[in-house]
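Colleague: I'm new to this one. Could you take me through the aromatic pairs up close, and then anything next to them that helps me get my bearings?

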Amino acid sequence: DEKNLTAGPALSASVQEQQHTAGKKASPRAHQDTGVVVTGIDNCLVHLSRCCNPVPGDEIIGYITRGNGVGVHRKDCSNIRNIMRNATASARAAERASRLIEVYWANQEHTKAIYPVEFTVIAHDRRHLLADISNAIAEERIPITSASMSAMKDITARFTMTIEVKDQEQLDRVFGRIKAIRDVIEVRKGG
């Protein structure tokens with residue numbers, strides 16, 4: 001039941017009008033900080049949305065915000081799915097859906113961007129578990145920017161951490177290292 005996520009017709013017309021009034025067609029250029037190219041717009045504010053923390057390798061889509069440029073989301077982000085699901089519910093919902101715009105990752109070899117990723121680890125609680133998880137991350141030379149842990153009554157532990165990665169490949173490697181740790185049950189993106 002996956003829908004094709006593309007820019008709405010009103011947005012496409014708006015982009016064409018901007019290109020026409022600029023007197024030339026916009027050339028694709030990646031935003032320096034994010035490594036994302038916004039289709040049809042050359043020079044705009046771009047930010048990675050915190051709700052889904054996209055990283056290179058994820059399928060992405062843009063959402064034109066009011067006053068905060070283009071927010072980049074994973075295509076499977078719950079916020080984007082809600083916009084698409086409700087697009088025909090009202091005029092306001094249709095307007096929100098028309099703000100979706102095509103974006104894509106630029107060639108990542110030329111960017112030094114880093115991407116925060118929040119993830120959760122569920123494991124059987126034991127001594128030195130946190131040290132083992134931290135060491136697995138340190139072996140990839142990835143900084144941990146935040147971490148919290150809670151022990152459950154069913155003798156499991158839940159770790160929620162935020163790390164900074166350069167791409168999906170690096171994230172997959174660190175997830176593989178964590179999954180290989182004794183007593184780890186699950187590793188997943190998100191809190």
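Modeller: Let's start with a word we'll need: a residue is called buried when its relative accessible area is under 20%. Keep in mind that this is a predicted model.

On to the aromatic pairs, then. There are 2 of them. One is made by Trp105 and Tyr115: the ring centres sit 5.6 Å apart, and since the planes meet at 85°, where over 60 degrees is what it takes, this pair is edge-to-face. Trp105 belongs to strand E6 (residues 103–105) and Tyr115 to strand E7 (residues 115–124), so the pair links parts 10 residues apart in sequence. Both Trp105 and Tyr115 are buried.

The other pair is Phe119 with Phe175. Here the ring centres are 5.3 Å apart with the planes at 55°, so this pair counts as tilted. Phe119 is in strand E7, while Phe175 is in helix H5 (residues 168–179), so this contact ties together parts that are 56 residues apart in sequence. Phe119 is buried, with a relative accessible area of 0%, and Phe175 is buried too, at 10%.

Leaving aside residues up to four places away in sequence, Gln168 touches Val55, Pro56, Gly57, Asp58 and Lys189.

Key:
Residues are numbered from 1 along each chain as its sequence is written. This is a predicted model: local features need pLDDT of at least 70, side-chain atom pairs count only at pLDDT 80 or more; totals for chains, interfaces and linings use all residues. Side-chain values use heavy atoms; hydrogens and water are left out. Rings of Phe, Tyr and Trp (its six-membered ring) pair if their centres lie within 6.5 Å; planes under 30 degrees apart count as stacked, over 60 as edge-to-face and the rest as tilted. Helices (H or I, at least four residues) and strands (E, at least two) are DSSP runs, numbered from the N terminus. Buried means under 20% relative accessible area, exposed over 50%, partly exposed in between (1.4 Å probe, protein chains only). Contact means heavy atoms within 4.5 Å.
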